[in-house]
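Colleague: Could you take a close look at one part of this model for me, the metal site? I'd like the geometry and the cut-offs behind it.

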Amino acid sequence: MKILAVDTSCDESCVAIVDTETNRLLADVVHSHIDAMAAYGGVVPEIASREHLVGLPLAIDQAIKKSGLSLAEIDWFAVTNRPGLVGALLVGVSYIKALAFAMNKPFSTLNHIEAHLFSPLLATLEGETVPAFPWVALVVSGGHTEMFLVEDFLKYRWLGGTRDDAAGEAFDKIGKLLKLSYPAGPQLDRWVKEKASEADRSAIAFPRAQVSGYEFSFSGLKTAVNEYILKRSPLDEATRVTIAASAQEAIVDALASQLEKATTELGVSQVVITGGVACNSRLRAKIPTAYFPRPRHCTDNAAMVAVLATLYARADRLEPACGSASVEPSLEFC
Ligand code: KG4
Ligand code: ZN
């Protein structure tokens, strides 16, 4: 079966095509809205929706051309409808609903965070092996920080998530406070790697929130960094670098300590980390035993949605959605 998968949950119009029989990815297109958002220093939801209106049809055309198939050869459509920016999700869901109807083919709605969760399996499409189950898996993206116990394909339990901001949100906002350009999260990582010394990482004792169970919390850190900056402005570059390195360390420490707690308490040694923040070089260095997918598999893409659809198809659980399928902005695990 040939599945065309779409993700428009945030500010990238993503389309991928997979052949479930040969387990080959035939196309993987990511059309980023980075240029449209740069002037605003962050994602503007209304602009993301409008960018998808233009970017999604182009990305579908490009994916179809790359795959060497015709649109009529697509057997099934899959689209993420939760969680994400409501307007952005609506464009993807409405488009796929209409396209599937026009082509007289079924479509399914899938969960974006679940797609991140199984994104490590993308490596198998490139002939590589991935760690055997069980995993303690952490999905760290711009809007979510969620930990799971994954026992098998599609078999997992949500352990806990953030009480307030996601780790990616903390990276983005702290980078913005330090006047880094959009997208500030990856810029902060690069900047610290280039300019900071090892001592900078522990120079400022920013708070590590004490949270219960397997929860996370990053809003206090964001406030602490803001207050530190306000008290000392104007800042020279060396101080800004020190703040960036110390704040990054606080985020990474919080993630690492909750992962360690989960692996110890659950008796599971394999850690898997994915989502955009899994690209962070300090996080990768701090937890060298964890499995991190390739950076392009960690950030938003539709190939992971195609893989998730394939898993559901193989389990005979790929449900066709109906015409009233809609979007759900929040996460349904919690
Ligand atoms: O998974 P993703 O691409 O999109 C969402 O589903 O949100 O994650 C995007 C998030 C953004 O907050 C971005 O700043 C963060 O991942 N990110 C990073 C790095 N690369 C991406 N944060 C820290 N260091 C990085 N290298
Ligand atoms: Zn994502």
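Modeller: H112 is buried, and H116 is buried too; buried means under 20% relative accessible area, exposed over 50%, and partly exposed in between, with a 1.4 Å probe and protein chains only. Before going on: this is a predicted model, where local features need pLDDT of at least 70, side-chain atom pairs count only at pLDDT 80 or more, and totals for chains, interfaces and linings use all residues. Residues are numbered from 1 along each chain as its sequence is written, chains are lettered from A and ligands numbered from 1 in the order in which they are written, and side-chain values use heavy atoms, with hydrogens and water left out.

Both histidines sit in helix 4 (residues 112-117), 4 residues apart, or about one turn of the helix. Helices here are DSSP runs of H or I, at least four residues, numbered from the N terminus. Together with D300 (OD), H112 (NE2) and H116 (NE2) coordinate the zinc ion (ligand 2) at 2.0 to 2.1 Å. Donors are N, O and S atoms within 2.8 Å of the metal (3.2 Å for Na, K and Ca), and water is not among the atoms, so sites may look incomplete. Along the sequence, the donor residues follow the spacing H-x3-H-x183-D.

Now the angles: the 4 donor atoms of the zinc ion (ligand 2) span 96 to 142°, and the site comes out irregular. Four donors count as tetrahedral if all angles lie between 85 and 135 degrees; four count as square planar and six as octahedral if opposite donors are over 155 degrees apart and all others between 65 and 115; anything else is irregular. The ideal for four tetrahedral donors is 109.5 degrees.

Conventions
Helix = DSSP H or I, 4+ residues; strand = E, 2+ residues; numbered from the N terminus.
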